[in-house]
Structure formats: structure tokens, C-alpha cells
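Please examine the sequence and the model shown below. The paragraphs that follow lead through the structure step by step.

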Amino acid sequence: MRRTIATLALLSAAGCQSQQFMPVQLQGDPLSISSLAGMWVGEYWGAAAGRGGSLTFTLRSGSDSLYGDVTMVDPAGQAIRAADTPDAHRTHMGASQQLRIDFVAVHADSVRGTLEPYVAPDCQCIVSTTFVGQMRGSEMKGTFATSNAGRVRAEGTWEMHRK
């Protein structure tokens, strides 16, 4: 499963180069922000739901805005879709399974953020995902929690590597 997800991450990263729709302005001090410069690829996996996928983001040196997305892979083959309408989603993402990274804050070696809301296939309800992590050189690792109306529905881990 991880090899498949890693392959999807690389494909997604290649596709993101031509489909960078909406940047996310980072929050944090200039030194912390500059430590994220580069292209990052990785994967995430949820413990209970078995859902996983690829993560990518790019931050140009000297910039405070990144382009990033998450591509979800549901183990049951159910479609993952953003909470907004398909037409609205196409204005900021290139594929229906890609979710925009909505918010990222960085302070020293800590990073936290959120994804755009999406419809979870297991409950057909709108969920929100928050993530936190630590950066160590060219690696980032952390955890995420997906919730609906304040109730945690899924948790998992993620990791990324600078290319």
C-alpha cells in the first residue's frame, strides 16, 4: 500500500506543477517560512479507516505562499469529493480527489494546518481535517485528525520529504 501511495505522490507532484491554482499564504516568521522552501512530497495513512493518499506542496524560495494538495485514496474505491460543488472545486483544484491545503502556520520546526472540507465516503458527511507536525531537516512527520461537528472520526499519521 505504501509503495502505491508513494507512486501516487510522485504522479500528483508532477501534475501539480502545471495545475497550481490557488496559493496558500503561510503564517509565521520569515525564518520559519524560509525553512519550508522547496518541493515536498509524501503520504498519509489513517489507522482505522485505512484511507491513505499523497501529499505535495511547493514553496518557492523568498515566497510566503505555497501551492499544495492532498490526493485521497479510499480503500473501498468510493469517490472522495470536496464539500463545494464540482464547478467551484475546479476553480482551485485540477482533480475531484485532490483537496486544497487551506491554511498552514509554521513556527521554528513546528507546522500546523487544515484541509478544505470534504465529504467522507464512510458517513456521507462533511468533515474537516487538521494536521500538526515537526520538521527535521528535509523531513516532516506528524499526525492528523478528521472531525465532523467536533467529533473525531479518524486519526492518522503523515510524512513528507523535500525533493
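**The disulfide and its surroundings**

The count of disulfides, defined as pairs of cysteine sulfur atoms within 2.5 Å, comes to 1. Cys123 and Cys125 form this link, with their sulfur atoms 1.9 Å apart. The angle about the S-S bond is -75°, and the link of Cys123 and Cys125 is left-handed. Burial is judged by relative accessible area: buried means under 20%, exposed over 50%, and partly exposed in between, using a 1.4 Å probe and protein chains only. Cys125 counts as buried because its relative accessibility is 15%, whereas Cys123, at 25%, counts as partly exposed.

The model is a predicted one, in which local features need pLDDT of at least 70 and side-chain atom pairs count only at pLDDT 80 or more, while totals for chains, interfaces and linings use all residues. Residues are numbered from 1 along each chain as its sequence is written, and side-chain values use heavy atoms, with hydrogens and water left out.

Helices (H or I, at least four residues) and strands (E, at least two) are DSSP runs numbered from the N terminus. The protein chain contains 3 helices and 11 strands. Of its 163 residues, 42% count as buried. Contact means heavy atoms within 4.5 Å; among contacts in the protein chain between residues at least 6 apart in sequence, 55% join residues at least 24 apart.

Which strands pair with β9? Strands pair if DSSP finds at least two bridges between them. Strand β7 (residues 110-115) runs antiparallel to β9 and is joined to it by 5 bridges; here Thr114 stands opposite Thr130. Strand β8 (residues 118-120) is also antiparallel to β9, with 3 bridges, and Tyr118 stands opposite Val127. β8 and β9 form a hairpin with 4 residues between them, and Gln124 in the turn has a positive phi of about 50°. Strand β10 (residues 139-148) pairs with β9 in the antiparallel sense over 9 bridges, among them one between Thr129 and Thr146. The hairpin of β9 and β10 has 2 residues between the strands, and Gly137 takes a positive phi near 65° there.

Salt bridges, in which a side-chain nitrogen of Lys or Arg lies within 4 Å of a carboxyl oxygen of Asp or Glu, number 2 in the whole structure. One joins the side chains of Arg136 and Asp109 (2.4 Å, N to O). This pair links distant parts of the chain, with Arg136 in strand β9 and Asp109 in the loop between β6 (98-107) and β7, 27 residues apart. Arg136 counts as exposed because its relative accessibility is 53%, and Asp109, at 28%, counts as partly exposed. Asp102 forms a salt bridge with Arg100, the closest N and O atoms being 2.5 Å apart.

A nonpolar core is a set of buried Ala, Val, Leu, Ile, Met, Phe, Trp, Tyr and Cys residues joined through side-chain atoms within 4.5 Å. The largest such core has 30 residues, of which Leu36, Phe57, Met140 and Trp158 touch the most other members. Leaving aside residues up to four places away in sequence, Leu36 touches Leu26, Phe57, Leu59, Val106, Met135, Met140 and Arg162.
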